[in-house]
Amino acid sequence: MERRKYDYSYYAYNKKSKPKGVLTKSLAATFVFAAVITVAVLVYLSLTIGRLTVIIEAQKCYAVSFGGFSTTEKAESYAKIIANRGGAGYIVNSDNVFYVVACIYLENSDAQSVYKNLTEEGEDVSIIALETSLQNIELKCSVKEAETFHAGIASIKESFVLCNKLAADLDRGQDKNEVAVQLSESYDKLLEIKEKLSDEKFERITKQISKLLDNINKVVSNVSSSSLRFVAVSAFLSIGEI
């Protein structure tokens, strides 16, 4: 028995140009078919675009810092001195005590090594832990958008690591133009991710990426180990502000 063929684009009340061998469906049957398709599309969308929880893991690094000042004015004055000596000169407020951070490291052992060298030189330094807390951010987005969000977090971390490395390379005599080229590549990657997260719901991360892009752009035009370390500290702390 020959199987019947139906064309849902041809209603029973409109039989013009009806293809040979194709039966028309009633208007009611056509609406039923359309309803089935609509439900299928909605189910698909619910699976691909929904409320997803994006997890930002807790981060921790170790900062070699100078002083513990009672006011920002005193800290800012000393930060200029540290910056002139190649340190970040980044001010961190911890319980209304203002520390001037010279450099930060992912490993405590690296911070301890720098701390030892500086104390042997007679410097008054300390090691403080900088931490960002675990965050569970609920977003109405697709799986692909969530993946891009995670890529943005990863790129911020990569910028932190890169700037730390380039500062050390610069201290060892690497050419400033080579450093600028690597920074520009990092800038382009961050910019691409920011453009993919242009929707308003991603404002929290794009705001931090924008700040990081501005800082990197300033360093590219005036490369120094101090400015690189400053960007490294700001990149790390920006993760906790997303």
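**Ring pairs and the core around them**

Author: Phe-160 has a relative accessibility of 3% and therefore counts as buried, the cut-off being 20%. The model is a predicted one. Phe-236 is also buried, at a relative accessible area of 2%. Phe-160 and Phe-236 form an aromatic pair, with 5.7 Å from centre to centre and 55° between the planes, and this pair is tilted. Phe-160 belongs to helix H4 and Phe-236 to helix H7, so the pair ties together parts that are 76 residues apart in sequence.

Apart from neighbours within four places in sequence, the contacts of Ile-104 are Cys-61, Tyr-62, Ala-63, Leu-130, Phe-160, Asn-164, Ala-232, Val-233 and Phe-236. Ile-104 is among the residues with the most contacts inside the largest nonpolar core, the others being Leu-130, Phe-149 and Leu-228. That core has 48 residues, and H4 gives the most to it, with ten residues.

The side chain of Asn-164 reaches the backbone oxygen of Ile-104 at 2.7 Å. Residues up to four places away in sequence aside, Asn-164 touches Ile-104 and Ala-232.

Next come the other ring pairs. The structure holds five aromatic pairs. In one of them, the ring centres of Tyr-90 and Phe-230 are 5.0 Å apart and the planes stand at 45°, so the pair is tilted. Tyr-90 is in strand S5 (residues 90–94) and Phe-230 in helix H7, so this pair ties together parts that are 140 residues apart in sequence. Tyr-90 counts as buried, at 18% relative accessibility, whereas Phe-230 counts as partly exposed, at 33%. Elsewhere, ring pairs link Phe-66, Phe-69 and Tyr-78 into a cluster.

Tyr-90 leads on to another residue of helix H7. Ser-234 is found in that helix and is buried, with a relative accessible area of 14%. Neighbours within four places in sequence aside, Ser-234 is in contact with Tyr-90 and Asn-215.

Asn-215, in turn, is a buried residue of helix H6. An α-helix has 3.6 residues a turn, so residues three or four places apart point the same way. What covers the buried residues of H6 includes helix H4 (143–171), helix H5 (176–196) and helix H7 (225–239). Helix H6 itself covers residues 203–221, which is 19 residues. At 1.5 Å a residue, H6 should span 27 Å, and its end C-alpha atoms are 27 Å apart, which agrees.

To put the part together, helix H7 carries Phe-236, whose partner Phe-160 lies in helix H4, and Phe-230, whose partner Tyr-90 lies in strand S5. Helices H4 and H7 are also included in what covers the buried residues of H6.

Methods:
Residues numbered from 1 in each chain as written. Predicted model: local features only at pLDDT ≥ 70, side-chain atom pairs only at ≥ 80, totals over all residues. Heavy atoms only, no water. Helix = DSSP H or I, 4+ residues; strand = E, 2+ residues; numbered from the N terminus. Expected span 1.5 Å × (residues − 1). Buried < 20%, exposed > 50% of the residue type's maximum accessible area, 1.4 Å probe, protein only. Contact = heavy atoms within 4.5 Å. Core = buried A, V, L, I, M, F, W, Y, C linked by side-chain atoms within 4.5 Å. Polar contact = N/O pair within 3.5 Å; in protein donor to acceptor, adjacent residues only side chain to side chain. Phe/Tyr/Trp six-rings, centres within 6.5 Å; stacked < 30°, edge-to-face > 60°.
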